[in-house]
Structure formats: structure tokens, C-alpha cells
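Subject: Structure handover and findings

Dear colleague,

Please find the structure below, followed by notes on what was found in it. I would be grateful if you could read the notes with the structure open beside them.

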Amino acid sequence: MSESGLPVLAVTTGEPAGIGPEISLRAAWSLRHEVRPVLIGDAAFLAMIASELDPDIRLQATNMAAVRHTGLPAGLPDRITVLDCPLKAHVRPGIPDPRNGRSVVQTLDIALEAIRDGWCDAMVTAPVQKSVINDAGVPFSGHTEYLAEKTHTDRVVMMLACEANAHLPYPLRVALATTHLPLRAVPDAITETLLMEVLRITDADLRTKWGISAPKILVCGLNPHAGENGYLGREELDVIIPALAKAKAAGIDVHGPYPADTLFQHKYLAQADAVLTMYHDQGLTVLKHASLGQGVNVTLGLPVIRTSVDHGTALDVAAQGTGLADAGSMQVAMRVAASMIKK
Ligand SMILES: NC(=O)C1=CN([C@@H]2O[C@H](COP(=O)(O)OP(=O)(O)OC[C@H]3O[C@@H](n4cnc5c(N)ncnc54)[C@H](O)[C@@H]3O)[C@@H](O)[C@H]2O)C=CC1
Ligand SMILES: NCC(=O)COP(=O)(O)O
């Protein structure tokens with residue numbers, strides 16, 4: 001917590017050629033009385049974006065050498081702290097440059113250091129361009145996998161969530177059994193062990209991070225019609241059903257497998273706390289459609305609190321200049337991180 005009692009958030013500002021810097025600044029500025037955001041990115045570049053967005057936005061820059069020596073400076077009223085992590089190449093909006101890829105990854109390492117050393121309480125990540133980080137020579141399939149590796153965590157779970165809204169009368173939480181895998185690799189990755197671990201982590205974090213005392217989790221099948229009793233694929237019979245039986249025996253309130261194309265309807269969702277889907281697009285297509293730009297991505301099972309937006313770098317929006325990006329999901333990500341710190 002900051003000296004004024006606000007949760008301190010390490011906010012990585014993401015791919016500089018995308019909308020990450022803009023949404024980080026706008027969300028940080030709008031929530032500055034609820035949280036203390038520490039934006040991690042190139043200080044000169046962030047100052048330039050801030051001046052384009054709103055001349056009222058004032059920054060307070062520091063750097064890692066200073067913070068390691070004397071700690072995070074006390075927050076100044078109506079200023080957003082920026083922790084300088086310099087870029088290598090000039091930023092062209094909408095055109096990521098691999099020369100900046102390592103700096104983007106370094107912001108994640110700094111956020112982890114900030115939490116480890118106790119000067120930030122949680123991390124919130126703006127979107128990165130995963131391909132460009134790979135082009136920079138850093139193997140990277142996503143924050144989820146990177147943070148798991150860096151914290152020596154064997155298993156984490158990606159969950160995206162949104163609150164009730166105009167089209168959704170209840171919150172929706174969608175967890176993924178597999179994350180960033182080519183579709184061809186998904187069936188082989190789904191094992192009883194994986195599903196048991198994912199269900200255990202999801203059940204535990206729904207209790208601790210969301211305060212749900214008896215979570216009910218619905219599970220999708222992998223194949224059309226959840227395999228049609230083996231005639232459309234055997235993964236349900238051979239892997240998923242046995243895994244769910246073990247999870248139930250371990251005390252997890254889990255149901256399924258349900259056909260994924262019909263599970264996402266009110267009569268099922270209204271009674272559930274989360275849905276476990278088998279792969280990225282099976283779950284996230286629904287969540288992103290339902291969230292109306294107000295979703296949050298949470299990494300369950302990590303030893304640190306990490307939230308993120310429910311969208312990507314939106315290079316097409318960034319290319320048109322500042323002021324057009326929707327910062328709503330970034331605000332939600334900051335608020336959810338803050339609420340988890342307080343639990
Ligand atoms: N947490 C992260 O770091 C994530 C990163 N990505 C990365 O983002 C890159 C681009 O992904 P896409 O599939 O194109 O998805 P995207 O979310 O960047 O864009 C999809 C569409 O939504 C629009 N859009 C998204 N967020 C918006 C916002 N806040 N305001 C206004 N318009 C917005 C874009 O302009 C585009 O038309 C990929 O490299 C992907 O890896 C994608 C998802 C999450
Ligand atoms: N579509 C969500 C997504 O890809 C987020 O990935 P991560 O960077 O949070 O691992």
C-alpha cells in the first residue's frame with residue numbers, strides 16, 4: 001500500500017506502437033484517487049503521449065537505479081509515477097519495431113521485481129505484440145506463460161471475466177484449460193492431470209481472489225456435441241469425464257462436459273461461477289462478445305496478482321493517433337487488481 005493507503009499497481013505499458021501507453025495513461029489518470037499506478041515504460045515517450053492526450057496529466061519520473069537505492073518515491077498529488085524503461089528505437093504508431101521487443105519484456109521483469117521487493121502490490125499489464133517479441137529473439141507465447149516461467153510456477157490458468165452488463169444479467173468468468181497453443185496441439189495437451197490441476201487452481205482462486213465460498217464450475221467438451229458419445233471424438237470419454245470424476249471426488253463442484261456451442265446460455269450460466277473451456281477461442285470468443293469492452297484477464301495460480309485487459313494492441317487504432325482507444329478494460333483491470341489486493 002502507498003503512504004496514502006492506496007494499492008500500488010505496477011502497470012506495464014505494453015507494445016509502444018499499440019494502444020497500451022495511451023490506455024495505461026488514461027486509466028491511471030482517471031483512477032489516481034483509487035489506486036497508485038506506477039507506469040513502467042519509456043518515460044520520455046509516455047510524457048509525449050500524455051501531453052497529446054490531456055495537458056492536465058502530470059507525470060513524476062523515476063528509474064530503477066533510484067528505486068533500488070532509495071525505494072519508490074512518495075507519490076505527489078495529481079501526478080502519475082513513471083518508472084523509466086527506455087526503448088531502443090523511435091516509435092512509429094501502428095508499426096511495432098522488434099528493436100523495442102526486449103524493453104517491452106523488461107517491463108514485466110521490473111514489475112515482478114517491484115512486487116517481490118514489496119514496493120508494488122500487484123501488476124497490471126497492457127497488451128504486447130507477441131510476434132514482435134519473438135522477432136526480437138525472446139521466445140514468448142503470452143504474459144501468462146512468461147510470468148509462470150519467471151515465478152517458477154508449474155501451472156497457471158488464464159481466466160477472463162466480466163461483470164453483469166446491459167446484455168448479461170450476471171457476471172461471466174471463463175477459464176481456459178490450454179492457452180496459446182496451435183489448435184493442432186490442443187487435444188494432446190488435454191490430459192487428466194492438466195484438467196485436475198486447472199480445476200484445482202480455478203476452484204481455489206475463485207475462493208481467494210473473488211471471495212466465492214462454494215464455486216460451481218461448468219466444463220465444456222472438446223469436440224462437437226461433447227463428442228456425441230464417442231462418435232465425434234473420444235477425448236470426452238477417455239479424458240474429460242474421468243478427470244471431472246476425480247475433481248468431484250476431490251470436493252470440487254464441477255459439472256459437464258457440456259457441448260460448448262450450447263453451454264453459453266442463461267439457464268446454465270445463471271447458476272455457475274465459472275466455465276472451463278478447453279482452448280483459447282472456445283472460451284474467449286464468448287467472453288469478449290459478452291464483456292462489451294469491460295472484461296479483465298486474470299492469471300490464476302500465480303504467486304503474484306496479475307490482471308490485464310481483454311483485448312490486444314489495436315495497432316489500427318494506434319496508427320490513427322491518440323485519443324481513439326477505449327481505456328475501459330484497462331480501468332477494470334486496475335480496479336480488479338486493487339480489489340484482489342484488499343481480499
Ligand atoms: N494481453 C495481451 O498482451 C494481449 C495481446 N494481444 C496481441 O494483440 C495483437 C493484436 O491482436 P488482435 O487479434 O488484432 O486483437 P486486438 O484486440 O488488438 O484488435 C481487435 C479489434 O478490436 C479493436 N480494439 C481492441 N481493443 C480496442 C480498444 N481498447 N479500443 C478500441 N479498439 C480496440 C481493434 O482496433 C481491432 O479492430 C496480437 O499480437 C496479440 O498477440 C492480444 C490479446 C491480449
Ligand atoms: N486473448 C487473450 C490473450 O491472449 C492474453 O494473453 P496473455 O498475454 O495475458 O497471456
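In the UniProt record, an unreviewed entry, the annotation "binding site" covers His180, His225 and His280; such positions are given in the numbering used here, with feature names shortened, and the annotations may be inferred rather than shown by experiment. These three residues span 101 residues in sequence, and their farthest two C-alpha atoms are 23.6 Å apart, so they do not all gather at one spot.

Please bear in mind that this is a predicted model, in which local features need pLDDT of at least 70 and side-chain atom pairs count only at pLDDT 80 or more, while totals for chains, interfaces and linings use all residues. Residues are numbered from 1 along each chain as its sequence is written, and chains are lettered from A and ligands numbered from 1 in the order in which they are written.

Histidine 180 sits in the loop between β7 (172-176) and α7 (186-189), where helices (H or I, at least four residues) and strands (E, at least two) are DSSP runs numbered from the N terminus. Leaving aside residues up to four places away in sequence, histidine 180 touches Ser141, Gly142, Glu145 and His280, contact being defined as C-beta atoms, placed from the backbone, within 7 Å.

Histidine 225 lies in the loop between β8 (216-220) and α9 (235-249), and is likewise partly exposed, with 16 other C-beta atoms within 10 Å. With the sequence neighbours up to four places away again left out, histidine 225 touches Leu232 and Pro259.

As for the ligands, Gly142, His143, Thr144, Leu284, Asn297 and Ser308 surround ligand 2, a residue being included if its C-beta atom, placed from the backbone, lies within 6 Å. Around ligand 1 there are 17 residues, of which the closest are Pro127, His311, Gly312, Ala314 and Asp326, and α5 (130-135) and α13 (315-319) each supply at least two residues of that shell.

Finally, the domain assignment, whose bounds come from an automatic or database source, gives domain 1 (8-153 + 302-342) and domain 2 (157-287). Their centres, taken over C-alpha atoms, are separated by 30 Å, and six residues of domain 1 are in contact with five residues of domain 2.

With best regards

Notes: Contact = placed C-beta atoms within 7 Å. Buried ≥ 20, exposed ≤ 12 C-beta atoms within 10 Å, placed from the backbone.
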